[in-house]
Amino acid sequence: AGHIGLRTPFYERILKGVRCNILALEYRGYGNSSGTPSERGLIRDTHAALDYLHGRDDIGNIVLYGRSLGGAVAIATASIYRDDFEKFAGLIVENTFLSIEDVVHSHLEEIVPDRSYQRILKKVLQMVLRLRWKSKDRIHAIKKPVLFLSGRMDELIPPHHMDTLYSMSTSKNKYMKEFFYGDHNGTWCELGFCEALEEFLQDLY
């Protein structure tokens, strides 16, 4: 996660390649936003952004989009508004995870080969982890169209997290697009990325 200024090249590519409006949200505690990040707080920030968009008369269909942690926030928000067909039209997640705990466990298994130590450390982590972001417990509630964008060279979140989220999704309109050379923050640079977004949005509209 980082401040939204770091995402400017991404926004520029989407604006030119997909031709859609973008509202970029700076969560509390990130960049110049005040406050302290928390799971409840970040979800409230997203609710405020949606309320702002629905308060305007020049906005069409709204699609939630999130990468990495943003994907978990988008999934949480979509699961809360799962029965509100006017709140948003679809969901796009890029290189996101099953849960914070699962990400930590994935790296722990690489660093600590001894399984007995793994079990001890996992129990300790369960006690100290403040943020959970259990997308794996929320994704099944979302029935609206979902696009999963997966960089198969993701060095931070193992791609099997995206595979599992996709398989757990109960949406009848779910799509997985894989980018073989896509890494965690650079998947959007891969060939066909904008086309995947454009096709998904066209199907919604």
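Local features were considered at pLDDT of at least 70 and side-chain atom pairs at pLDDT 80 or more, whereas totals for chains, interfaces and linings use all residues of the predicted model. Residues are numbered from 1 along each chain as its sequence is written, and side-chain values use heavy atoms, with hydrogens and water left out.

Helices (DSSP runs of H or I, at least four residues) and strands (E, at least two) are numbered from the N terminus. Helix α2 covers residues 39-54. At 1.5 Å a residue, its 16 residues should span 22 Å, the expected span being 1.5 Å times one less than the number of residues. The end C-alpha atoms of α2 are 23 Å apart, in agreement with that value. Buried residues (under 20% relative accessible area with a 1.4 Å probe, protein chains only; exposed means over 50%, partly exposed in between) in α2 include Leu42, Ile43, Thr46, Ala49, Leu50 and Leu53. An α-helix has 3.6 residues a turn, so residues three or four places apart point the same way. The buried residues of α2 pack against β1 and α3, contact being heavy atoms within 4.5 Å.

Two residues other than glycine have a positive phi. For Arg19, phi is about 60 degrees; Arg19 lies in the loop between α1 (8-17) and α2 and is exposed, with a relative accessible area of 61%. Ser68 has a phi near 60 degrees and lies in the loop between β1 (63-67) and α3 (69-80). Ser68 is buried, at 15% relative accessibility.

Pockets were located on a 1 Å grid over the protein atoms alone, as open sets of points where a 1.4 Å probe fits, with protein on both sides within 12 Å along at least five of seven lines; lining residues have an atom within 4 Å of a point. Grid points are joined across faces, edges and corners, and a volume is the space filled by probe spheres set on the points. The largest pocket holds about 1300 Å³. Its lining comprises 46 residues, with Ile22, Leu23, Ala24, Val63 and Tyr65 nearest the centre. Two or more lining residues come from each of α1, α2, β1, α3 and α7 (193-204).

The second largest pocket holds about 190 Å³. Ser68 is among its lining residues, as are Phe97, Leu131 and Trp133. Helix α4 (residues 100-111) gives the largest share of this lining, 3 residues.
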